Amino acid sequence: MASSREQDMSNTFDDVSPGGSPIMVHSRQKDFTPPQGEEHVEAIGAHIERHLGPVSGVFHEIISDLVHIDVHVVPATDQCPYLRLVTSGMSDLPMTVPAEVDADVPRYMELMVTLPADWPMSQDAFEDERNYWPVRLLKGMARLPHEYDTWLGFGHTIPNGHPSEPYAQGVGFDGAIVLPPVTTPEDFATLELDDGKTISFMALVPLYPEEMDLKLKKGAEALLDRFDAKKIQDVIEPGRANVAKKRFGLF
């Protein structure tokens, strides 16, 4: 699993992008480790329902490594026309954030994706990777910091493999960027727990190869400026405009 990041990290990195982002290729050194159990699943579930709406179901892991990752499903409502998938369990362990990084950077995180309201969510539908890949993406990214003793934060980009490949046949996206959720209520972004821990909720937004290249060459802000110009938010829309293609202007 390879990842490129805007922030420097204490780990040794393999290369630097033209935009100055360290590009890291992770190699796992850990054995399989059963998790201790989800510490805050009830608090996270209540937080999701308080801000996003009723949870219709939870995809539970049967076998978990390091942390137990569940995915909470929040159907579209009258207030929100999108389907939400939100993890719990990632925040059971702190991410390995380098000491020199700003103290305000989250150490505990959960991830989410936002999908069209009619995205197929049945077990039968998930036999087709074109339907299941957002769930796989969530689970893989939620475990990544703990597998490789690293971290995720604003503007970090993670390709799907090394070299990267599409998430599924016919899917143009082959990587993702970590961003604050912009289609959720503002208060959803953080959860303060009774034990003093603060959990940040971040969104995964998939990228086309050209958009990943743009981010690596020009930085996250250049990519987000293109998103803003085309009114692209954090909703996963298959076939959406590619903001780095020629018809939108070369970078």
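Contact means heavy atoms within 4.5 Å. The model shown is predicted: local features need pLDDT of at least 70, side-chain atom pairs count only at pLDDT 80 or more, and totals for chains, interfaces and linings use all residues. Residues are numbered from 1 along each chain as its sequence is written, and side-chain values use heavy atoms, with hydrogens and water left out.

View 1. Ile232 belongs to the segment after H4; helices (H or I, at least four residues) and strands (E, at least two) are DSSP runs, numbered from the N terminus. With a relative accessibility of 14%, Ile232 counts as buried, where buried means under 20% relative accessible area, exposed over 50%, and partly exposed in between (1.4 Å probe, protein chains only). When neighbours within four places in sequence are left aside, the contacts of Ile232 are Phe227, Arg240, Ala241 and Val243. Asn242 is 10 residues from Ile232 along the chain, and the C-alpha atoms of the two are separated by 9.9 Å.

**View 2. The whole chain, for orientation.** Four helices and 11 strands make up the secondary structure of the protein. Of the 251 residues in the protein, 51% are buried. Among contacts with a separation of 6 or more, 62% are between residues 24 or more positions apart. The structure contains six salt bridges, a salt bridge being a side-chain nitrogen of Lys or Arg within 4 Å of a carboxyl oxygen of Asp or Glu.

**View 3. Helix H1 and its buried face.** Helix H1 spans residues 41–51, and its buried residues are Ile44, Gly45, His47, Ile48 and His51. Viewed down the axis of H1, these buried residues fall within an arc of 160 degrees, so they line one face of the helix. The arc is that of the directions from the helix axis to the C-beta atoms. An α-helix has 3.6 residues a turn, so residues three or four places apart point the same way. Exposed residues Glu42 and Arg50 are carried on the face of H1 turned away from its buried side. Just after H1, Gly53 has a positive phi of about 125 degrees.

View 4. Arg143 is a residue of helix H2 (residues 129–147). Its relative accessibility is 12%, so Arg143 counts as buried. Apart from neighbours within four places in sequence, Arg143 is in contact with Glu61, Ser64, Asp65, Val67 and Ile69. With Glu61, Arg143 forms a salt bridge in which the closest N and O atoms are 2.7 Å apart. This pair links distant parts of the chain, 82 residues apart: Glu61 is in the loop between strand S4 (57–59) and strand S5 (70–74), and Arg143 is in helix H2. Glu61 is also buried, at a relative accessible area of 10%. A network of salt bridges links Glu61, Lys139 and Arg143.

**View 5. The salt bridge between Arg136 and Glu129.** The side chains of these two residues, Arg136 and Glu129, meet in a salt bridge at 2.6 Å, N to O. Arg136 has a relative accessibility of 48% and counts as partly exposed. Glu129, with a relative accessible area of 26%, is partly exposed.

**View 6. The salt bridge between Glu210 and Lys245.** In the salt bridge of Glu210 with Lys245, the closest N and O atoms are 3.5 Å apart. The pair links distant parts of the chain: Glu210 lies in helix H3 and Lys245 in the segment after H4, 35 residues apart. Glu210 is partly exposed, with a relative accessible area of 25%. Lys245 has 34% relative accessibility and counts as partly exposed.

**View 7. Crossing of helices H3 and H4.** Helix H3 covers residues 209–218 and helix H4 residues 220–229; their axes come within 6 Å and cross at roughly 135 degrees. Axes are lines fitted to C-alpha atoms, for helices over the stretch in contact, and angles run from 0 to 180 degrees between N-to-C directions. H3 and H4 are therefore oblique to each other: angles under 35 degrees count as roughly parallel, over 145 as roughly antiparallel, 65 to 115 as roughly perpendicular and the rest as oblique. From H3, Glu211, Leu214, Lys215 and Lys218 meet Ala220, Ala222, Leu223, Arg226 and Phe227 of H4. By class, this contact of H3 with H4 has five nonpolar, no polar and four charged residues. Ala, Val, Leu, Ile, Met, Phe, Trp, Tyr, Cys and Pro count as nonpolar, Asp, Glu, Lys and Arg as charged, and the others, Gly among them, as polar.
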